[in-house]
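Student: Before we turn to any particular residue, could you show me how to read a model of this kind, feature by feature?
Tutor: Gladly; have the sequence and the structure open side by side.

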Amino acid sequence: MSPEKVVDLQNWVGRTRDVEDIVTPRLVESLSATLAPHAAKPGDAAAPLGLHWCLAPDIADAGELEPDGHPAKGGFLPPVPLPRRMWAASDVTFKGSIALGQSIRRHSTIRKIEEKQGRTGSLVFVTVHHTFSAAGSPIIEEDQTIVYREAADAGDGSRAAAPAFAVLPPAPHQQAVDVDAVLLFRYSALTFNGHRIHYDAPYATEVEHYPGLVIHGPLQATLLLNYAALIAGRAPERFSFRGISPATGPQRLHLRATPRPDTSLELDVADADYQITMRASAQW
């Protein structure tokens, strides 16, 4: 990518957008059913944790979508000249819980745009800060990192042979989750995520060259967030996650958690070959 284009992209830093949504019974019931039996509703919370990732999604007319199913770039998000997009990481602080019937406003600001060189070529990282508020009071703050990558070659979806289980020691807390195409479709529908890698197998394997349908990063994070709350008996005050490698389905994922002396939990997701696909941390 040329330096001139990077300078142009910096013009998007500081851009803001406000979107409102309502926590409806149908949305709460649908997410609970999608996560069952892995949903946690600590305390008096009406909804499982991670519901905020289903609120105020990006909505665009069919004619405004790119070939991958995402809304065209150049509006709120910068026109990064790289075709592949993934949710790379998030750092979330919970100041309250989402209640049924609330009107939620999400205020988003582009905080940072960085270009880097990775193993697969050029990368652009866009950091977006979100504030979810109810009745004017912030209840969730989040820094989301989106990564844009170059187009995939046919060999990009392959990876080295999986290590033996002994290389990855068992964690004190472990739970298996079976992920199939129906779960991926339902989560895409809940989040109004048109990204075809999650539900269109021919596109995922033949165009973006993944081994199969890609399991959403925020779906894995939602499972870990709820698992942390089930272990601790209450919702964490802070939760962060980072994608390590793509997880593709259908397959069985393994949620793993290790308590730390400071009462936090270190968590990860391992795929069926016991390779780590996501790492996370929950703090109280």
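The dialogue below moves from the sheet to a helix, the core and some single residues.

Student: What kind of model is this, and how are residues numbered?

Tutor: This is a predicted model, in which local features need pLDDT of at least 70 and side-chain atom pairs count only at pLDDT 80 or more, whereas totals for chains, interfaces and linings use all residues. Residues are numbered from 1 along each chain as its sequence is written, and side-chain values use heavy atoms, with hydrogens and water left out.

Student: In what order do the 10 strands of the sheet lie?

Tutor: Strands (E, at least two residues) and helices (H or I, at least four) are DSSP runs numbered from the N terminus, and two strands pair if DSSP finds at least two bridges between them. Here the strands form an open sheet with antiparallel pairing, in the order S1-S3-S4-S5-S2-S8-S12-S11-S10-S6. Strand S1 (16–22) and strand S6 (173–179) are the edge strands, each pairing on one side only. Direction ignored, neighbouring strands of this sheet are turned by 20° against each other on average.

Student: How many bridges join S11 to S12?

Tutor: Six bridges join strand S11 (residues 265–270) to strand S12 (residues 276–283), and the two run antiparallel. Asp 268 stands opposite Arg 279 in S12, while Leu 265 has Ala 282 of S12 as its bridge partner. S10 and S11 also pair in the antiparallel sense over six bridges, with Pro 259 opposite Leu 265 in S11.

Student: Is S11 largely enclosed or open?

Tutor: Buried means under 20% relative accessible area, exposed over 50%, and partly exposed in between, with a 1.4 Å probe and protein chains only. Five of the six residues of S11 are buried, so this strand is largely enclosed by the rest of the structure.

Student: Why does the distance between the ends of H5 agree with its number of residues?

Tutor: The expected span of a helix is 1.5 Å times one less than its number of residues. Helix H5 (residues 217–232) has 16 residues and should therefore span 22 Å, and its end C-alpha atoms are 23 Å apart, which agrees. H5 is mostly covered, since 13 of its 16 residues are buried, and Gly 233, with a positive phi near 80°, follows H5.

Student: Which strands does H5 touch?

Tutor: Contact means heavy atoms within 4.5 Å, and axes are lines fitted to C-alpha atoms, for helices over the stretch in contact, with angles running from 0 to 180 degrees between N-to-C directions. H5 packs on the sheet, touching strand S2 (84–94), S6, strand S8 (238–243), strand S10 (251–259), S11 and S12, and its direction makes about 135° with that of S11.

Student: Which residues of the largest nonpolar core touch the most other members?

Tutor: A nonpolar core is a set of buried Ala, Val, Leu, Ile, Met, Phe, Trp, Tyr and Cys residues joined through side-chain atoms within 4.5 Å. Of the 54 residues in the largest one, Leu 51, Trp 53, Leu 219, Leu 224, Phe 239 and Leu 267 touch the most other members. H5 gives the most to this core, with eight residues. Apart from this core lies another, of 13 residues, among them Phe 76, Leu 82, Val 124 and Ile 146.

Student: Which residues does Glu 20 touch?

Tutor: Glu 20 is found in strand S1 and is partly exposed, with a relative accessible area of 49%. Not counting residues up to four places away in sequence, Glu 20 touches Ser 103, Ile 104 and Arg 105.

Student: Is Ala 56 buried or exposed?

Tutor: Ala 56 is buried, with a relative accessible area of 3%, and has a positive phi of about 50° although it is not a glycine. Thr 263, with a positive phi of about 75°, is exposed at a relative accessible area of 51%.
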